[in-house]
Amino acid sequence: MNYLKDLFKIEGKVAVLTGGGGVLAAEIGSGLSKAGAKIIMLDINEDAAKEAAKKIQGQGGTAIGLKSNVLDIDDLKKVREEILSQFGRVDILLNAAGGNMPGATISPDKTVFDVNIGDLDKVTALNYNGTLLPSLVFGETMAKQKSGNIINISSMAAMQTLTRVLGYSVAKAAVSNLTSWLAVELAIKFGSKIRVNAIAPGFFIGNQNRALLTNPDGSYTERGQQVINKTPMRRFGEAHELVGAVLFLVSESASFVTGVVLPIDGGFSTYSGV
Ligand SMILES: NC(=O)c1ccc[n+]([C@@H]2O[C@H](COP(=O)([O-])OP(=O)(O)OC[C@H]3O[C@@H](n4cnc5c(N)ncnc54)[C@H](O)[C@@H]3O)[C@@H](O)[C@H]2O)c1
């Protein structure tokens, strides 16, 4: 048992999660806390960040929630100083702020030529810049420490074309590329104890896609059924199913793993559909 405990040990590690008020970060934060990490939930929605932290405290964990905008580098630097003064270091960064918006997708009665360029820019900025800027700010701390783990969140949309989903797909492809690029840069310049990896969740019901995939009565929409047909496990993911993969990537068990994008998708990305 001690062998396993040491392999996955993250006790006392300081973990910063952006988008901490969201569905997936709440679950991953809770999991990391149960494994002994101290959790800092950052979200542009301060109430959501504090609420998520409160839930973790309720489970007996150490957690705080702070307001922070992943698109504002000065704000991120200010928050970093607050975290460092309270916790002294940053060991883990999970970049979970992200999402889609209707204007950046092509509705069934429209074509790509109708896309809203403003919304396209917003989605690209949130998902790509919103991953890059926190990685620069907290990555700098990790570089000084000569240790740390960054976990990004990519998507199935980065691996295979999902019809209608333009801006989000482009941005998540950039997140996958950034994961690989930063992994190389940080390992070469700052040593093998800094690693950068990503998870690529398949289809999990979250705030951004609930209405797209399920009807109010819980049955699948036409698109929801298409996703299920392309998922060999024939179901959507449950947020808690992301925790083990993140724990693996941020612990010593993955000490020689950097630059990977790990699909957690019930087989969606490997299945041709035939
Ligand atoms: N749910 C899924 O099926 C799924 C699949 C693949 C990837 N993802 C990705 O996982 C991540 C989390 O998804 P989720 O389902 O938990 O989404 P969510 O909408 O529940 O959470 C996203 C959080 O980000 C916050 N946020 C938005 N803009 C911000 C900003 N500028 N600064 C700081 N915080 C900001 C929101 O307030 C929200 O709390 C996203 O990157 C999403 O694209 C989700």
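This is a predicted model: local features need pLDDT of at least 70, side-chain atom pairs count only at pLDDT 80 or more; totals for chains, interfaces and linings use all residues.

Colleague: Which residue of E4 is the bridge partner of Val16?

Modeller: Leu93 is the partner of Val16. Now widen the view. The open sheet has 7 strands, in the order E3-E2-E1-E4-E5-E6-E7, with parallel pairing. From one strand to the next, the twist averages 20°.

Colleague: Which strands does helix H5 touch?

Modeller: Helix H5 (residues 117-145) packs on the sheet against E1, E4, strand E5 (148-153) and strand E6 (194-201). The direction of H5 makes about 170° with that of E4. Helix H6 (residues 167-190) also packs on the sheet, where it touches E5, E6 and E7. For H6, the angle is about 165° with the direction of E6.

Colleague: On to the ligand. Which residues come nearest?

Modeller: Of the 29 residues around the ligand, the nearest are Gly19, Gly22, Leu24, Gly98 and Gly206. Then look at composition. The shell divides into 14 nonpolar, 14 polar and 1 charged.

Colleague: Which helix supplies the largest share of that shell?

Modeller: Helix H2 does, with 3 residues. H2 (23-34) and H5 each supply at least two.

Colleague: How do I read a nonpolar core?

Modeller: First the general idea. Nonpolar side chains in soluble globular proteins tend to be buried together. Now this case. The largest nonpolar core has 71 residues. Those touching the most other members are Ala15, Val16, Leu17, Ile39, Met41, Leu94 and Val246. H5 gives the most to this core, 8 residues.

Colleague: What does Leu17 touch, leaving out residues up to four places away in sequence?

Modeller: Leu17 touches Ala25, Ile28, Gly29, Ile39, Met41, Leu42, Leu94 and Ala96.

Colleague: Where is the place of Phe236, and what does Phe236 touch?

Modeller: Phe236 lies in the loop between helix H8 (222-229) and helix H9 (243-250). Not counting residues up to four places away in sequence, Phe236 touches Phe203, Phe204 and Ile205. Gly130 is 106 residues from Phe236 along the chain, and their C-alpha atoms are separated by 26 Å.

Definitions and conventions. Residues are numbered from 1 along each chain as its sequence is written. Two strands pair if DSSP finds at least two bridges between them. Helices (H or I, at least four residues) and strands (E, at least two) are DSSP runs, numbered from the N terminus. Axes are lines fitted to C-alpha atoms, for helices over the stretch in contact, and angles run from 0 to 180 degrees between N-to-C directions. Two residues are in contact if their C-beta atoms, placed from the backbone, lie within 7 Å. A residue is near a molecule or strand if its C-beta atom, placed from the backbone, lies within 6 Å of it. Ala, Val, Leu, Ile, Met, Phe, Trp, Tyr, Cys and Pro count as nonpolar, Asp, Glu, Lys and Arg as charged, and the others, Gly among them, as polar. A nonpolar core is a set of buried Ala, Val, Leu, Ile, Met, Phe, Trp, Tyr and Cys residues joined through C-beta atoms within 7 Å. A residue is buried if 20 or more other C-beta atoms lie within 10 Å of its own, exposed if 12 or fewer, and partly exposed in between; C-beta atoms are placed from the backbone.
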